[in-house]
Amino acid sequence: MLKGMNSGHTQLSEWGFSYLNLKGKLHILDVGCGGGANLAKMLRDLPESIADGIDYSEESVAFSKKTNSAHLGKRCTIRQGNVLSLPYSDHSLDVVTAFETIYFWPSLDKAFEEIKRVLKANGVFLICCESDDAEDTTWTSRIDGMTVYQGEDLKNRLLKIGFQNIELHMHKKGWICLKAVC
Ligand SMILES: C[S@@+](CC[C@H](N)C(=O)[O-])C[C@H]1O[C@@H](n2cnc3c(N)ncnc32)[C@H](O)[C@@H]1O
């Protein structure tokens with residue numbers, strides 16, 4: 001499944017990354033890093049940057065470590081953990097990404113607050129989801145604890161928490177991408 005996610009989410013993540021325009025020496029965290037494909041892309045495209053990953057699942061962490069083994073302990077640290085308690089000090093990261101993962105976070109507003117805590121001033125938070133149709137139960141009826149959020153709802157939550165310059169991009173396939181500045 002993790003191998004499938006690494007290849008199956010490529011188009012979505014390429015589309016999301018196109019709004020980031022990442023350059024230079026950054027410290028990035030990919031939350032819910034899954035099989036580690038997005039970390040691999042960032043480590044490849046940004047040779048001066050650090051790209052770390054965190055994931056709730058032990059299996060994802062092991063797979064992601066395997067995918068990025070060449071960079072581990074150098075420009076990449078991958079840990080098991082929860083978005084609600086990130087092992088980073090206040091205002092220490094330039095970019096936080098979240099691909100196909102917010103559906104599973106136990107408390108979205110608390111998670112957004114935690115991400116805001118670890119981002120530097122002007123740091124960027126990117127969310128990418130394959131769907132924002134809250135009424136489509138195709139997946140939510142099969143996966144316990146999964147919630148699909150509408151783009152406008154996400155935008156309002158981010159605004160309330162104090163993120164700025166929020167961009168909401170919609171793809172014709174129903175994908176959404178939000179970019180928010182801290
Ligand atoms: C559908 S997968 C997406 C993986 C990867 N981002 C991708 O796009 O291929 C969702 C991932 O989010 C992780 N996850 C779910 N809840 C989490 C939480 N509270 N904190 C951190 N990771 C979480 C899951 O363990 C899983 O690996």
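## Surroundings of the ligand

The ligand has 20 residues around it, and those that come nearest are Gly32, Gly34, Tyr56, Ser57 and Phe99, where a residue is near a molecule if its C-beta atom, placed from the backbone, lies within 6 Å of it. By class this shell holds 10 nonpolar, eight polar and two charged residues; Ala, Val, Leu, Ile, Met, Phe, Trp, Tyr, Cys and Pro count as nonpolar, Asp, Glu, Lys and Arg as charged, and the others, Gly among them, as polar.

This is a predicted model, in which local features need pLDDT of at least 70 and side-chain atom pairs count only at pLDDT 80 or more, while totals for chains, interfaces and linings use all residues. Residues are numbered from 1 along each chain as its sequence is written.

Helices (H or I, at least four residues) and strands (E, at least two) are DSSP runs, numbered from the N terminus. Four of the five residues of S1 are buried, so this strand is largely enclosed by the rest of the structure; a residue is buried if 20 or more other C-beta atoms lie within 10 Å of its own, exposed if 12 or fewer, and partly exposed in between, with C-beta atoms placed from the backbone.

Strands pair if DSSP finds at least two bridges between them. S1 and S2 run parallel and are joined by five bridges, with Ile54 of S2 as the bridge partner of Val31. The chain passes from S1 through H3 to S2 in a right-handed β-α-β crossover, that is, clockwise from the first strand over the helix to the second with the strands pointing away from the viewer. S1 also pairs with S4 in the parallel sense, over three bridges, and here Leu29 stands opposite Val96.

## The largest nonpolar core

The largest nonpolar core has 44 residues, of which Val96, Phe125 and Ile127 touch the most other members; such a core is a set of buried Ala, Val, Leu, Ile, Met, Phe, Trp, Tyr and Cys residues joined through C-beta atoms within 7 Å. S5 gives the most to this core, with seven residues. Leaving aside residues up to four places away in sequence, Val96 touches Leu29, Val31, Ile115, Val118, Leu119 and Phe125, contact being C-beta atoms, placed from the backbone, within 7 Å.

## Positive phi at two asparagines

Most residues other than glycine have a negative phi. Asn21, in the loop between helix H2 (10-17) and strand S1 (27-31), has a positive phi near 50 degrees and is exposed, with 8 other C-beta atoms within 10 Å. Asn122, found in strand S5 (residues 119-129), has a positive phi near 70 degrees and counts as exposed, with 10 C-beta neighbours inside 10 Å.

Terms used: Two residues are in contact if their C-beta atoms, placed from the backbone, lie within 7 Å.
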